[in-house]
Every structure is written in structure tokens, then in C-alpha cells.
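Today I opened a new structure and kept notes as I went. Here is what I looked up, entry by entry.

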Amino acid sequence: MENIHPPSHEHVDDQMYKLEVNLDDIPGEWLGYVMDLLLNSGANDVYYTPIFMKKNRPGTLLQLLCAIDKLEAMKDILFRETTTLGIRYYPLTVHRLERAYEQVETQWGTINVKKGFHNGQLVQWAPEYEDCRAIAASFHIPLKEVYAAARRHDSRLELK
């Protein structure tokens, strides 16, 4: 892709932590609640992976990423709101792309788009899900059609 943005805002963040817990005795409904609490308290990412634990019990691996200054708050939530008896955590380095936020006009309305630049080159592009979802629901059209329209209407996006 062509160089359309001057490089300068990429950065490496070495003040991040990854936390993880194995959970085998927690109702699924609680997991959504815990995810919301963690994200609302400053977690950058929260995700779940199905796992098998000792004695072949099905479980869930909860992992999250947060800044070092949020570490204690995350640990507090995990101990208070889940059934875990222990938390693994370790420092992690994150390389963040430069980001730009723009809008594209489609036949159904405006969609916000997030773009990621590496060394000044556009390497990532994603319309905002909530904008696309609202248009798809409002106009009763497939979500994938809204995403495709956003891509077609962004004249600065070089398609390969």
C-alpha cells in the first residue's frame, strides 16, 4: 500500500501486564459480567479460551492485558468476582501502530473507520462495528454488505 501518512506515532509500550486465570467452576453468565468490569476498570483486552483442566474437566482460560498502573485493580476484580484461587501475571511489551480515525460515507450513512499505519504505510483498516451493526439492523441488510460498502466508499483505501 502506498505511503499516505507520515510515520511518527507508532510506539512500543513496555509497561503492560498480561494476567491469566483458569476457571472450571464459574457460571457462563458471570464471565460476561467479569469482562465488563475488567474493561470498565481499564483492561485493554479481555478474552476467554475454552480449555481442559486436570481430571479432564472443561474450563475457561481468562486472559487480560492492562497497563502496569491497573495491575492491582485487575487482580482485585479477579479475586473478588471469579472463583480463582490464583492469578498468573507477567510483564509484556506491546508494539502499537499509529492510528487514525476517519469517516466514510455510504448509501446508508456515515461509518467511522479506524486505520493503522506502520512506518507511514496503511496496513490495517477496520470500520467500527457498532456503526455497521446499526446500519445493518436499520436497513435490514447483511452486516457483511455494510462492511463491503464502507471499503468501497473509502477512496483513499488501496485495495489489493
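**Entry: ground rules.** I call a residue buried under 20% relative accessible area, exposed over 50%, and partly exposed in between (1.4 Å probe, protein chains only). This is a predicted model, where local features need pLDDT of at least 70 and side-chain atom pairs count only at pLDDT 80 or more, while totals for chains, interfaces and linings use all residues. Residues are numbered from 1 along each chain as its sequence is written, and side-chain values use heavy atoms, with hydrogens and water left out.

**Entry: cysteines.** I looked up Cys66 and found it buried, because its relative accessibility is 0%. Cys132 is buried too, with a relative accessible area of 0%. I then searched for disulfides, meaning pairs of cysteine sulfur atoms within 2.5 Å, and the whole structure has zero.

**Entry: nonpolar cores.** A nonpolar core is a set of buried Ala, Val, Leu, Ile, Met, Phe, Trp, Tyr and Cys residues joined through side-chain atoms within 4.5 Å. The largest one here has 18 residues, and Leu19, Leu38, Leu62, Leu64, Met74 and Leu78 have the most contacts inside it. At least two residues of this core come from each of β1 (11–23), α1 (28–40), β3 (58–67) and α2 (71–81). My helices (H or I, at least four residues) and strands (E, at least two) are DSSP runs, numbered from the N terminus. I also noted a second, separate core of 12 residues, which includes Val104, Cys132, Ala136 and Ala150.

**Entry: Leu64.** Contact means heavy atoms within 4.5 Å. Leaving aside neighbours within four places in sequence, Leu64 has contacts that include Tyr17, Leu19, Leu38, Met74 and Leu78.

**Entry: helix α2.** Which residues of α2 are buried? They are Leu71, Met74, Lys75, Ile77 and Leu78. Seen down the axis of α2, these residues line one face of the helix, because they fall within an arc of 160°. That arc is the one of the directions from the helix axis to the C-beta atoms. Among the elements covering the buried residues of α2 are β1, α1, β3 and β4 (88–96).

**Entry: positive phi.** Most residues other than glycine have a negative phi. I found Lys55 with a positive phi near 60°, and it sits in the loop between β2 (45–52) and β3. Asn56 is not a glycine either, yet has a positive phi of about 60°; its place is in the loop between β2 and β3. Lys55 is exposed at 76%, and Asn56 is exposed at 56%.

**Entry: aromatic pair.** Rings of Phe, Tyr and Trp (its six-membered ring) pair if their centres lie within 6.5 Å; planes under 30 degrees apart count as stacked, over 60 as edge-to-face and the rest as tilted. My search of the whole structure gave one pair. The ring centres of Tyr17 and Tyr89 are 6.1 Å apart with planes at 50°, so the pair is tilted. Tyr17 lies in strand β1 and Tyr89 in strand β4, so the pair ties together parts 72 residues apart in sequence.

**Entry: salt bridges.** A salt bridge is a side-chain nitrogen of Lys or Arg within 4 Å of a carboxyl oxygen of Asp or Glu. I found eight in the whole structure. One joins Arg88 and Glu20, with the closest N and O atoms 3.1 Å apart. Asp76, Arg80 and Glu81 are linked in a network of salt bridges.
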